[in-house]
There are 2 protein chains.
Amino acid sequence: MASIIERRTIRKYKKEDIPADKLEAMLYQASRAATMGNMQLYSVVITRSEEMKEKLSPLHFNQPMVKGAPVVLTFCADFNRFTKWCDLRNANAGYDNFLSFVNAASDTLLYVQAFCSLAEAAGYGTCYLGTTLYNPKGIIDVLQLPRLTFPIATITLGVPDEQPEQPDRLPHLAYIHEETYADYSSNQLDIIYYFKEQLQENMKFVELNNKENLAQVFTDCRYTKKDNEAMSAGMLDALKQQGFL
Amino acid sequence: MASIIERRTIRKYKKEDIPADKLEAMLYQASRAATMGNMQLYSVVITRSEEMKEKLSPLHFNQPMVKGAPVVLTFCADFNRFTKWCDLRNANAGYDNFLSFVNAASDTLLYVQAFCSLAEAAGYGTCYLGTTLYNPKGIIDVLQLPRLTFPIATITLGVPDEQPEQPDRLPHLAYIHEETYADYSSNQLDIIYYFKEQLQENMKFVELNNKENLAQVFTDCRYTKKDNEAMSAGMLDALKQQGFL
């Protein structure tokens, strides 16, 4: 499991392609992850063509990984396949609701992480694009995702052409609770975030953005209330459109 | 990565305990999974006491793994810690919305799967309890989860005391799409679900439940429209209560 412990996000890839059989083998092996009632409530859309990358790129805010990676994978929560099977068997499917969305999204994310672990162990690099949730309607249109499917995560994949430093992580006691959740005192928060706040690169962000501290870089520049609220509305709309709300 | 490929759910555990330092090491190592903006939007509540297992057990429909495992882990989406840090730094946190819930839930599930892969590679067995989402309010109460946290997944963990067969999985072409989503024809569905429908144990389920086919076992017995709709309402309520909607 060294590859999990040594993991880092890879954003630059060699021109080298990924053989279809290798990719398919990993996509199959990852299906060993836990899945609700063994329903496998996910699908993966593989993007290799320049034309499709061109269309996906702006939906991911033109992050260069989309066009720079040989393969882009969009992992979708999928109750369409299961529901269509039920319809075909004269069974009364009831998966057009919010719980079913969360169940399918859970299946999908466990599957994504199992896939990434396998791909990284095989020497590939991955980058997880959180932007998938920012404009789901655009991705639904481009990938022609039907009702009862929803794009959850995008992974760019390729042979690494960089070896960046591992980023910091919080000390584990920051997120472990014994028996019940012990809420955080100001003193504890100071300790938990101390290392992150003192990092050279983070202090530079604060200065560049003309902020008082790192927290304000997050709230005022990177993940603002205004953006989050607008994108929440967009996501709820998309969930309705796809039949989950 | 043999442990991912060979994975099976383990529901019976030896009496053997899991040393705290070993558990903590794995919980730290798993944090190498991708996380949004390096915010680590999760917490884990460790349950070891009989008293707390007693309280959690009915919320998981008395599945015997909860009381039978030395350790029960409840993984929670957590924007509470980050928001409290922002408050402390006079930064205007805007994470009391739906997108932030989905972002935190995504972080949590990637972390869960990375943890399970590490634990299984170390020889432990895990069982993923989907029931966490069925009665979130009960779990929130028992574990005293504050606003802007939400229970997403429960894992029971222990030294395996069984070696069950690996369950079937769909052929990978069932969930892989090239460039765009190719919706399923009746013929394709027949092929995709053929193996599952012919399995001895599944045919027995159909007979036992007095149904015409396996799909009806899912829709009429295991995951019914009525239950899903009631639990969807409960989950949306709980999201409001926790400040995410």
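Q: Which residue is the bridge partner of C127(A) in β4(A)?
A: T156(A) is the partner of C127(A) in β4(A). Strands here are DSSP runs of E with at least two residues, and helices are runs of H or I with at least four residues, numbered from the N terminus.

Q: What kind of model is this, and how are residues numbered?
A: The model is predicted: local features need pLDDT of at least 70, side-chain atom pairs count only at pLDDT 80 or more, and totals for chains, interfaces and linings use all residues. Residues are numbered from 1 along each chain as its sequence is written, chains are lettered from A and ligands numbered from 1 in the order in which they are written, and side-chain values use heavy atoms, with hydrogens and water left out.

Q: Back to the strands. In what sense do β3(A) and β4 of chain A pair?
A: Antiparallel, over five bridges, with β4 covering residues 149-158. Two strands count as paired if DSSP finds at least two bridges between them.

Q: What is the strand order in the open sheet?
A: The order of its five strands is β3(A)-β4(A)-β2(A)-β1(A)-β5(B), with mixed pairing. The edges are β3 (125-129) of chain A and β5 (176-178) of chain B, each of which pairs on one side only.

Q: New topic: how many salt bridges are there over all chains?
A: A search of the whole structure gives 30. A salt bridge here is a side-chain nitrogen of Lys or Arg within 4 Å of a carboxyl oxygen of Asp or Glu.

Q: Which residue does K55(A) form a salt bridge with?
A: E51(A), with the closest N and O atoms 3.7 Å apart. Both residues sit in helix α3 (residues 50-59) of chain A, four residues apart, so about one helical turn separates them.

Q: Is E51(A) buried or exposed?
A: E51(A) is exposed, at 53% relative accessible area, while K55(A) is partly exposed at 42%. Buried means under 20% relative accessible area, exposed over 50%, and partly exposed in between, using a 1.4 Å probe and protein chains only.

Q: What about K67(B) and E54(B)?
A: Their side chains form a salt bridge at 3.1 Å, N to O. K67(B) is in helix α4 (residues 65-68) of chain B and E54(B) in helix α3 (residues 50-59) of chain B, so the pair ties together parts 13 residues apart in sequence.

Q: Which residues do salt bridges that share partners join into one network?
A: D96(A), R147(A), K225(B) and E229(B).
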